[in-house]
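Subject: Handing over a structure

Hi there,

Here is the structure I promised to pass on to you. Please have a look at it first, and then read my notes.

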Amino acid sequence: MATFNIVMPKMGESIQEATITNWFVKAGDTVEEDDVLLEIATDKVDSEVPSPVDGKVKEVLFKVDDVVPVGTVIAVIDLDGDESVDEEVAVLEANEPEAVESTVDDSAQSDISTRDESGRFYSPVVRKIASENNLTEEQLNSIKGSGLNGRVNKEDILAFLAGGVEKPAAVSVQTKSEGAKLVPPPVVSAPQVEVPVSAEDEIIEMDRMRKLIADHMVSSKQISPHVTSVVEADVSNLVSWRTRVKDDFQKKYGEKLTFMPIFTEAVAKALRDFPMVNSSVNGSQIIVKKDVNVGIAVSLPSGNLIVPVIKKADTKNLAGLAGDLNNLAGKARNNKLGPDDIQGGTFTITNFGSFNNIIGTPIINQPQVAILATGAIQKKVAVIETPAGDTIGIRQKMYLSLSYDHRIVDGMLGGLFLRRIADYLEEFDTDRTV
């Protein structure tokens, strides 16, 4: 009988493995094309894996919570005698573990062999983390694995590093192509703080996404020396314009006009004015990004955050930005984001104002070098300059706070960039048509 192998899909350029979070089928179940077989999760996104064929589930090769390398066969489907499919499908038998382990994409393979001298298998992701943290082979072999057949997965090695393992100092490495270069010592994770717990305290285990967010935030503070600058912007003209046109905008484009598309437009224009803020750091190199891809932090019903990305935001008008924002936010809240929706961001905006907060100091979303927080818009008494002299009036004002990586963004660049965003908002054209 012809069979079809379901493999762990590649969910993005940097994704080498995924965690199985739920199976919707079991051996013996009949499935049709596009039926959802399982849910998987990566560091970036959760996703469903549909069946590409009709048939009966012959084998399910991994359990819930198993971490599986990309390209590995995870299930086998009988095709009810459709022999023609065998010639089109690369078959990897479930009883050949060597074949299963070798199905990781070649481009993702580490320079270090995935097996040590004892024959213990390590995925490319584990090898990469070990290499980045200068772990010796003895230290790697000492890690107790929680994966299939005792395999060390990403969570195991990160937990090992979180224990404050001692790692070698920086060394000078000689390469044929580059000559001598200094490999910096990795950041040593701080030891866990002992927290006293009383009988009345409630203990809540972090979910998978909260653990990833926690690791990402700690890592960002360790990588980037954060500096935050703040300006107050008078957005009275912007507020009055939006109030006047928002109904016409929705009728014309079928999209609700919030303030976020306007903020995103101002940020995208300012990033074109100051391209060094639209960059990343790679060792001693500054990578200035060609595209302006603005990520927008979205709160999920679970209380967690995710950052979908508006690609080439500087090329889109308000209608395009509003459509993208509303679409991505809806997909995020319904767990429908795809890998491409959250990749490639070059700058991030987080809106504290949605919680009626006026100011904050956001943490940079690595590997970006800056993030903007927008505060709540509030009516304030202000001094207004007029040709007849100063007067007192009521104005709509908000705080903008920019956290930036002081390795490459100094106070002048950060301050000028932030001021430019405020200028674009303050000088908003009230005669603009929709």
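Below are the sheets, a helix, the salt bridges and a surface patch, in that order.

First, some ground rules. This is a predicted model, in which local features need pLDDT of at least 70 and side-chain atom pairs count only at pLDDT 80 or more, while totals for chains, interfaces and linings use all residues. Residues are numbered from 1 along each chain as its sequence is written, and side-chain values use heavy atoms, with hydrogens and water left out.

**Two sheets**

Helices (H or I, at least four residues) and strands (E, at least two) are DSSP runs, numbered from the N terminus. Two strands pair if DSSP finds at least two bridges between them.

E3 pairs with strand E6 (residues 55–60) in the antiparallel sense over two bridges, and Val31 stands opposite Gly55 in E6.

Another open sheet, also of four strands, runs in the order E5-E4-E2-E7, and its pairing is antiparallel. Here strand E5 (46–50) and strand E7 (67–69) are at the edges; each has a single partner strand, so one side of each is left without a neighbour. Neighbouring strands of this sheet are turned by 40 degrees against each other on average, direction ignored (axes are lines fitted to C-alpha atoms, for helices over the stretch in contact, and angles run from 0 to 180 degrees between N-to-C directions). Strand E2 (residues 17–23) and strand E4 (residues 36–41) pair in the antiparallel sense over four bridges, with Asn22 opposite Glu39 in E4.

**Helix H7**

Helix H7 (residues 260–273) has 14 residues and spans 20 Å from its first C-alpha to its last, close to the 20 Å expected at 1.5 Å a residue (the expected span is 1.5 Å times one less than the number of residues). Eleven of its 14 residues are buried, so H7 is mostly covered; buried means under 20% relative accessible area, exposed over 50%, and partly exposed in between (1.4 Å probe, protein chains only). Among the buried ones are Ile262, Phe263 and Leu271.

**Salt bridges**

Counting a side-chain nitrogen of Lys or Arg within 4 Å of a carboxyl oxygen of Asp or Glu, there are 14 salt bridges. One of them joins Arg272 and Asp314, with the closest N and O atoms 2.6 Å apart. Arg272 lies in H7 and Asp314 in the loop between strand E17 (309–310) and helix H8 (318–333), so the pair ties together parts that are 42 residues apart in sequence. Arg272 is partly exposed, at 43%, and Asp314 is partly exposed too, at 28%.

Arg407 and Asp405 also form a salt bridge (2.7 Å, N to O). Arg407 is partly exposed, at 40%, whereas Asp405 is buried, at 0%.

**A surface patch**

Val193, Val195, Val197 and Ile203 form a nonpolar patch on the surface, with about 450 Å² of accessible area together. Patches are made of residues with over 30% relative accessible area and no salt bridge, like charges being joined within 9 Å and nonpolar side chains (Val, Leu, Ile, Met, Phe, Trp, Tyr) within 5 Å. Accessible areas come from the Shrake-Rupley method with a 1.4 Å probe; for residues, only the protein chains shown count as cover. Val197 is exposed, at 52% relative accessible area, and sits in the loop between strand E10 (179–183) and helix H5 (208–223).

Best wishes
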